[in-house]
Amino acid sequence: MNVQYASLLIAIPLITAFFVPLMKGLGEKAIKTYVLIITAIQAGIATWVFEEVYTTGKPIIVMAGGWRPPVGIDLYIGPFAALFVLIVALVSFLMAVFNFRAVKVEPIDKYAMLFLLLMLGATGMIATGDIFNLFVFMEITAITAYALTAYNKTGEAAEASLKYMVLGGIGSSFFLIGVALIYGATGTLNMAQIAQLAGNINPTVAQVALALVIFGLAVEAELFPLNAWAPDAYQAAPHPVTAMFSAFVVKAGIYALARILYLMSAVGTWKNILHLLIAMATLTVIVAEFSALRQRNVKRMIAYSSVSQVGLIGLAFALGTQAGVDAGVFQMINHAIIKVLLFLGVGYVAVQLGGAEIENFRGLGKRMPLTALGVTVGSMSAVGIPLFNIFWSKLRIILATVDAGYAWAAALVLGASVVEAVYYFRLVHAIWFTGEGERLRESAPLVAIMLLLIAIIVAIGIYPNYAWSLSQKAGNDIFNVAQYIKNVPLMGVGA
Amino acid sequence: MVSILKRSLAVIMLLIIGYWLAQGLSGIPFGQDKMLVGKYYLDNVIRQTGAINAVTAVVVNYRGFDTLGEVTVLFIASTGVGALLWAKRRERTAKTEGSIVLKTGIRLLTPFVILFGAYIFIHGHLTPGGGFPGGATIATAFLLLYMAYTMYEIPRRAFENTEGVAGMSYVIVALIGLAIGGYFLFDWIWQTWHFGVNNVGRILSGGFIPVIYTIIGIKVGTELSGIIDNMLREEVRE
């Protein structure tokens, strides 16, 4: 089959989102079912792409319009993009199931469009091979995210969305100025060609441009000090959307950051940027963990935990070593899985019991035992207990950090993990050892999803090799820039 | 006192950032012939795309993927406004009807404004402009109607459907390219059919550019009108 059909990953969510206005009158159930079917189709295509990339070992280069890069825009679906596009599609599918329970606020047709376009935006950010196209997809992701954050139409939601919009707007303009500087200095927007020419850029220009791009992306990637919007937005957004934010929207941001960072690794002042990022990432972890400790709302607490874990991924990517990048990708996979589980569990509790305050979790073990089990396994894994998946990726990240000579950062991050253990165990304690209650009926599809995710978490925890080898391939895709340049069939324009 | 300290701190920060940015900017060779791809576009644009407006050719053809994204961004903006301002029943609350001059003027002008908008997007491959400004011009016509008449409302349902259909048509044009030429957004009208090869510089040329710009023009027009409509109606509580 022609590999150009991988462009359906973009075309399907787009055309189906445009179709939604036409089925407005069909009612809530029909529209939610429609979204479920579309995400299933998307997952099917993503699986095919994943198979194709991992069996041939070669990336798929989609050339829009048939123009060879850098004249046209290309999508670069290498091992990393193939893996994460699949994760995006699968998570969206699972959350499309959750939509039936969790989203009751009107207008559902608009929600469906935004839902599909959020999936599209993240897919595009991960797949694109052109730095300006990355900006376009970032805008798509960000603006859908603003709208979805405010979707519940409460006061908090509006405030969170406005905060997000202001920070996101500043971030995108920084990013755009950075892209303009890079374009001014190299004369091209194609990522592979930028990497090729990066060594010739004036080091000051490169430093300024890269710092601007990183600050711009740090808003989406939730790095300190630009992540103040994140807990509010996570708390206010509809539950399935929160899970999507944590599972792949922030991942797309941090991937873009890492990709551009490594593409520019030939720049003379590159090490300075790494130091900046390491400081930002370490602070992200520490500040988020201590903020999480004080939260009474479990959804908000897990939001802080998500921010801190993403900080950990940022730290891994900022090390500038192969081991660090591999570990970071591994953590990205694991984190996506557990945060879907946690936000699904917590969101379901909030839907059933009318809120995500810690009070509602007392006695959850007796009232909704299977959901409680899901939240517990997610918590245990998030803390990094052996036999669960995050243990391995945290271990890898800390080893890589020490290896790269940043023992202080490793020590601080480990210290922060202790804080994380405190608040997660407090939650687990509240669930199983306090409170009383009648047993409620739990929804079968949601329980099935939770059990599936628990099984994956434990499977990776016991047998991490398969996931680790995937992460190594995907990490190599980011780290090995020379191979990246070779894979893109650049046309001999200029250069 | 605190506010003065805070303010001076902010000013100092701004100065530092400004200096740093200026340093970066001064290192860029502006005005020199450095744009690698830009040269390529100028040399090949007519042969490869059939458009004499090189900017349009870059926007819709070479980098059409970005434009598809931008169209989506606008779609999201209008959907987002629709989602956030949603209410069971909403009505216009404007109180004063426009003056007779305004009303008469607008009644006469509206068709011409729409015609001009259509002119802009149909001639996108020949003259400056294209789907986005053309669509915006069309939306102005509806804005004028809202200004003049307190009771006027656009046919909302029809506009939303048109918007969706236009968006789908864009993707379908792109998918036809995938089916015929093997690439998403491939310009099949120009490169496979060679339609209008002897017509460069006239309206029936430029491959799929006028087709896409017409779609974009309709889409942007209905979309922006929809945003205006959403913002001008307020919730009515029973």
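This is a predicted model: local features need pLDDT of at least 70, side-chain atom pairs count only at pLDDT 80 or more; totals for chains, interfaces and linings use all residues.
Helix α12 of chain A covers residues 298-318, and helix α13 of chain A covers residues 322-353. Their axes come within 9 Å and cross at roughly 175°. An angle over 145 degrees counts as roughly antiparallel, so α12(A) is roughly antiparallel to α13(A).

A second pair in chain A is α8(A) and α10(A), the latter spanning residues 239-263. Here the axes come within 8 Å, and the crossing angle is roughly 160°. These two helices are therefore also roughly antiparallel to each other. Their crossing is left-handed. On the α8(A) side, the contact is made by V213(A), I214(A), L217(A) and E220(A). On the α10(A) side, V250(A), G253(A), A256(A), L257(A) and I260(A) take part. The classes are 7 nonpolar, 1 polar and 1 charged.

The largest nonpolar core has 270 residues. Which residues have the most contacts inside it? They are I77(A), V85(A), V91(A) and V340(A). Helix α3 of chain A, residues 79-102, gives the most to this core, with 19 residues.

Setting aside neighbours within four places in sequence, V340(A) is in contact with V91(A), L94(A), A243(A), A247(A) and L453(A). One of these partners, V91(A), is itself among the residues with the most contacts inside the core.

Finally, turn to the contact between the chains. Chain A supplies 54 residues and chain B supplies 47 residues. Which elements of chain A give two or more residues to the side that touches chain B? They are α1 (8-19), β1 (60-63), α4 (108-127), α5 (131-149), α6 (155-186) and α8 (203-220). Helix α5(A) gives the most, with 10 residues. By class, the side of chain A that touches chain B divides into 36 nonpolar, 14 polar and 4 charged residues.

Definitions and conventions. Residues are numbered from 1 along each chain as its sequence is written. Chains are lettered from A and ligands numbered from 1 in the order in which they are written. Two residues are in contact if their C-beta atoms, placed from the backbone, lie within 7 Å. Helices (H or I, at least four residues) and strands (E, at least two) are DSSP runs, numbered from the N terminus. Ala, Val, Leu, Ile, Met, Phe, Trp, Tyr, Cys and Pro count as nonpolar, Asp, Glu, Lys and Arg as charged, and the others, Gly among them, as polar. Axes are lines fitted to C-alpha atoms, for helices over the stretch in contact, and angles run from 0 to 180 degrees between N-to-C directions. Angles under 35 degrees count as roughly parallel, over 145 as roughly antiparallel, 65 to 115 as roughly perpendicular and the rest as oblique. A crossing is left-handed if the near helix is turned anticlockwise from the far one by less than a right angle, and right-handed if clockwise. A nonpolar core is a set of buried Ala, Val, Leu, Ile, Met, Phe, Trp, Tyr and Cys residues joined through C-beta atoms within 7 Å. A residue is buried if 20 or more other C-beta atoms lie within 10 Å of its own, exposed if 12 or fewer, and partly exposed in between; C-beta atoms are placed from the backbone.
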